[in-house]
Amino acid sequence: MCGPECGERLIPDLSKPSVARMYDHLLGGTDNYQVDRDACDELLQLAPSTRDLALVNRGFLVRAVRYLARECGVRRFLDHGSGLPTRPNVHQVAQDVDPSSEVVYIDNDPVVHAHGRGMLAEDPTTTAVLQADMRDTDKIFNSPEVQRLLRDDQPVAALFVSVLHCIPERDDPWDLVRRVASRLPAGSYVVISQLASDDAGLRARITQFMAEITGGEWGEVRSIGDVNRFFEGLELVGTAKPVEVSRWQPDSDLAPRQRTDEWIEYGGVAKIR
């Protein structure tokens, strides 16, 4: 699914579904409203695997962060479109490897920001929440929170986990990834997953549905080929090519899988050359 919504507002609009709250509901969370639950019910009619997909994607995020912290020595994470806090959060996974690990969460949903600030009580010295549109690279990288991550050119992992489908093609999400990668220190990483399907009819139906229920605050489901473009010029790690994310470094052969695959979370982890 997706962490942020695409237009920044000072107060949440509770008259229509929020993608972040829908994702929370699909993961079994409680920070959602009836309008979000009703939207999820409709979405599950279109794509019955959606709840499985959300759980699989969350598992990918945890494994990717743990892999980068444990195997690659990454201690700084920049989480674009972080969504509502869901345990284990990125900082909890990273700090389980090294308690000094630092995380900046970015989301423009005011509900997400409010919940995130409550989460800061755990360790305000290593964790920050920035309310910003993830497309506003200048604002993000000029913020004190992100400047701190970049203070001594140590590698940073930029996370785009189930968020790039929130950005319409006119806003060029591929350029967003390139812009962020160009501002990170040498040896940094990007983590990407995106809702994808090679069924053009399904892509169109779900894209239209999500755009309608969110008032246009949605991008699009993309083809496998379009998601592959995010990795151009990057060096994949953990797998030889982008994959359906349950197959990225699974903990075991018994790891959760989708029961149907009308659409998938597709992506991987890559090092910036």
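Modeller: Let's start with a term we will need: a residue is buried when its relative accessible area is under 20%, exposed when over 50%, and partly exposed in between, using a 1.4 Å probe and protein chains only. The model here is predicted, so local features need pLDDT of at least 70 and side-chain atom pairs count only at pLDDT 80 or more, while totals for chains, interfaces and linings use all residues. Residues are numbered from 1 along each chain as its sequence is written, and side-chain values use heavy atoms, leaving out hydrogens and water.

Biologist: Thanks! Is Leu 26 buried or exposed?

Modeller: Leu 26 counts as buried because its relative accessibility is 2%. Leu 26 belongs to helix α1, residues 19–26. Helices (H or I, at least four residues) and strands (E, at least two) are DSSP runs, numbered from the N terminus.

Biologist: How many helices and strands does the chain have?

Modeller: The chain has ten helices and eight strands. Of its 273 residues, 58% count as buried.

Biologist: How do I read the packing of two helices?

Modeller: Two packed helices are described by the angle between their axes and the distance between the axes. The axes are lines fitted to C-alpha atoms, for helices over the stretch in contact, and angles run from 0 to 180 degrees between N-to-C directions. Here, the axes of α1 and helix α2 (residues 34–46) come within 9 Å and cross at roughly 70°. That makes α1 roughly perpendicular to α2; angles of 65 to 115 degrees get this name, those under 35 count as roughly parallel, those over 145 as roughly antiparallel, and the rest as oblique.

Biologist: Which residues of α1 and α2 meet?

Modeller: Contact means heavy atoms within 4.5 Å. From α1, Arg 21, Met 22, His 25 and Leu 26 meet Val 35, Asp 36, Arg 37, Ala 39, Cys 40 and Leu 43 of α2. By class, the contact of α1 with α2 has six nonpolar, one polar and three charged residues. In this scheme Ala, Val, Leu, Ile, Met, Phe, Trp, Tyr, Cys and Pro count as nonpolar, Asp, Glu, Lys and Arg as charged, and the others, Gly among them, as polar. As for spacing, Leu 26 and Asp 36 are ten residues apart along the chain, and their C-alpha atoms are separated by 9.8 Å.

Biologist: Now the strands. Which strands does β1 pair with?

Modeller: Two strands pair if DSSP finds at least two bridges between them. Strand β1 pairs with strand β2 (residues 102–107) in the parallel sense, over five bridges, and Asp 79 has Tyr 105 in β2 as its bridge partner. Three bridges also join β1 to strand β4 (residues 157–161), again running parallel; there, Leu 78 has Ala 158 as its bridge partner.

Biologist: Are the faces of β1 covered or uncovered?

Modeller: Both are covered: Arg 76, Leu 78 and His 80 are buried on one side, and Phe 77 and Asp 79 on the other. Five of the five residues of β1, 76–80, are buried.
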